[in-house]
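I opened my notebook to look up a few things in one structure.

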Amino acid sequence: MIETKPVREKVILVGVQLADGDDTRDSLAELAQLAETAGAEVVGQVIQNREQPHPLTYLGKGKLDEVKQLAWETEAAGVICDDELSPSQLSGLEKGLDMKIMDRTLVILDIFASRAVTREGKIQVELAQLKYRAAHLVGLRDSLSRLGGGIGTRGPGETKLEVDRRRIHERISWLKSELRDVERHRELARKKRMSNQVPVAAIVGYTNAGKSTLLNSLTSSGILAEDQLFATLDPTTRALKLPGGENILLTDTVGFIRKLPHHLIEAFKSTLEEARYADIILHVVDGSNPQADKQMYVVYETLKSLGVTDKVTVTLFNKCDRPGCGQTIRDLQADDTLSISAATGQGLSELKELLEKILRSRRVYVERFYLYQDAGKVQSFHQYGQVEKEEYLEDGIAIAGYVPAEIVGRL
């Protein structure tokens with residue numbers, strides 16, 4: 001039997017550094033991870049210092065010649081730019097380099113297309129991709145006949161790339177209609193959770209910070225968790241029973257990343273908005289990453305753009321089993337911080353106790369006595385509150401504990 005391995009595309013990464021000391025090199029390092037996640041092999045990098053990217057070719061003529069020479073030496077088949085290209089830049093680069101041109105947005109969209117599993121996820125990804133195609137149709141024209149496979153060709157597929165702008169917009173309109181239907185179901189589920197008074201904590205953070213691993217460790221949910229960017233895409237909600245007996249719902253959300261394409265933010269808005277309706281934000285940070293402070297900034301900026309403000313936020317410096325975790329970084333925007341290891345379970349008991357403490361601070365202490373014919377209210381007390389004391393007496397039930405203020409009247 002002859003074993004064959006898939007051929008990995010060789011690509012060159014290019015970026016424009018606008019000022020000394022900016023994060024271009026860090027951004028290119030992250031782009032390399034994205035390219036490898038998408039299935040490519042990075043064989044070179046080129047950075048040009050410019051006040052602004054060239055309006056027609058992104059890079060200047062000298063750097064274009066350098067990229068062309070590097071491509072010949074490394075046998076690279078494509079180039080990935082660290083910024084989203086305009087149609088004219090895309091067209092100009094293809095003419096100047098005579099090879100496949102991609103940008104950061106296209107690579108991220110490609111990864112999302114390969115990871116989408118649910119109907120909602122697939123609709124959101126295709127919608128984002130088609131919006132990107134529609135905006136870049138002029139620049140893509142020359143390359144349509146040569147998109148035979150590899151990065152940037154998953155999702156809607158080659159036939160959809162070849163249709164005209166009218167057909168693409170017809171497809172976008174249909175997808176938006178389908179997405180509205182899915183969003184209605186999500187809204188109904190959200191309202192049901194809110195009516196049940198079950199508190200919700202949204203797990204947010206930079207991609208590959210360990211959000212899915214945390215959810216698995218707390219709830220034994222068994223969702224996919226791998227050490228790579230955007231390992232999971234579709235949001236997952238699981239119930240967690242706290243030590244005091246109270247239930248809380250944990251919702252995993254899609255990971256954030258710098259320069260997250262606006263097409264994706266718009267398409268995934270209903271998914272990302274789970275954080276808006278949560279009672280608590282669990283901000284997971286890879287404490288072992290040297291760029292942790294910059295990643296935290298990206299997360300907070302993305303949350304702000306979604307209108308997620310004035311939430312109780314707990315920052316979890318994850319991967320504290322690794323050297324150097326959380327020793328130099330702080331989060332002054334968080335209400336509480338903890339060092340944990342979602343993989344080993346370190347600090348998770350302290351996290352559960354902290355969640356109980358936060359929920360208790362949002363509740364009021366009540367004492368009630370019910371006759372046995374009113375025992376149904378005892379069940380509500382257990383369902384919505386945290387029981388501190390319960391005693392079955394001869395003529396009824398004495399119960400005391402913490403419950404949400406809004407249901408005190410019902411008890």
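The model is predicted, so I kept to its rules: local features need pLDDT of at least 70, side-chain atom pairs count only at pLDDT 80 or more, and totals for chains, interfaces and linings use all residues. Residues are numbered from 1 along each chain as its sequence is written, and side-chain values use heavy atoms, with hydrogens and water left out.

Entry one, a helix. I looked up Thr302 and found it in helix 12 (residues 292-305); helices are DSSP runs of H or I, at least four residues, numbered from the N terminus. Thr302 is buried because its relative accessibility is 9% (buried is under 20% relative accessible area, exposed over 50%, partly exposed in between, with a 1.4 Å probe and protein chains only). A polar atom of the Thr302 side chain lies 2.8 Å from the backbone oxygen of Val298.

Entry two, charged pairs. I searched the whole structure for salt bridges (a side-chain nitrogen of Lys or Arg within 4 Å of a carboxyl oxygen of Asp or Glu) and got 17. In one of them, Lys294 pairs with Asp26, with 3.1 Å between the closest N and O atoms. I noted that Lys294 is in helix 12 and Asp26 in helix 1, 268 residues apart. Lys294 counts as partly exposed because its relative accessibility is 34%; Asp26, at 26%, is also partly exposed.

I then looked up Glu301, which forms a salt bridge with Lys304, the closest N and O atoms being 3.5 Å apart. Both lie in helix 12, 3 residues apart, about one turn of the helix. Lys304 is exposed at 52%, while Glu301 is partly exposed at 32%.

How values were computed
Helices (H or I, at least four residues) and strands (E, at least two) are DSSP runs, numbered from the N terminus. A polar contact is a pair of N or O atoms within 3.5 Å; within protein, one must be able to donate a hydrogen and the other to accept it, and residues adjacent in sequence count only if both atoms are side-chain atoms.
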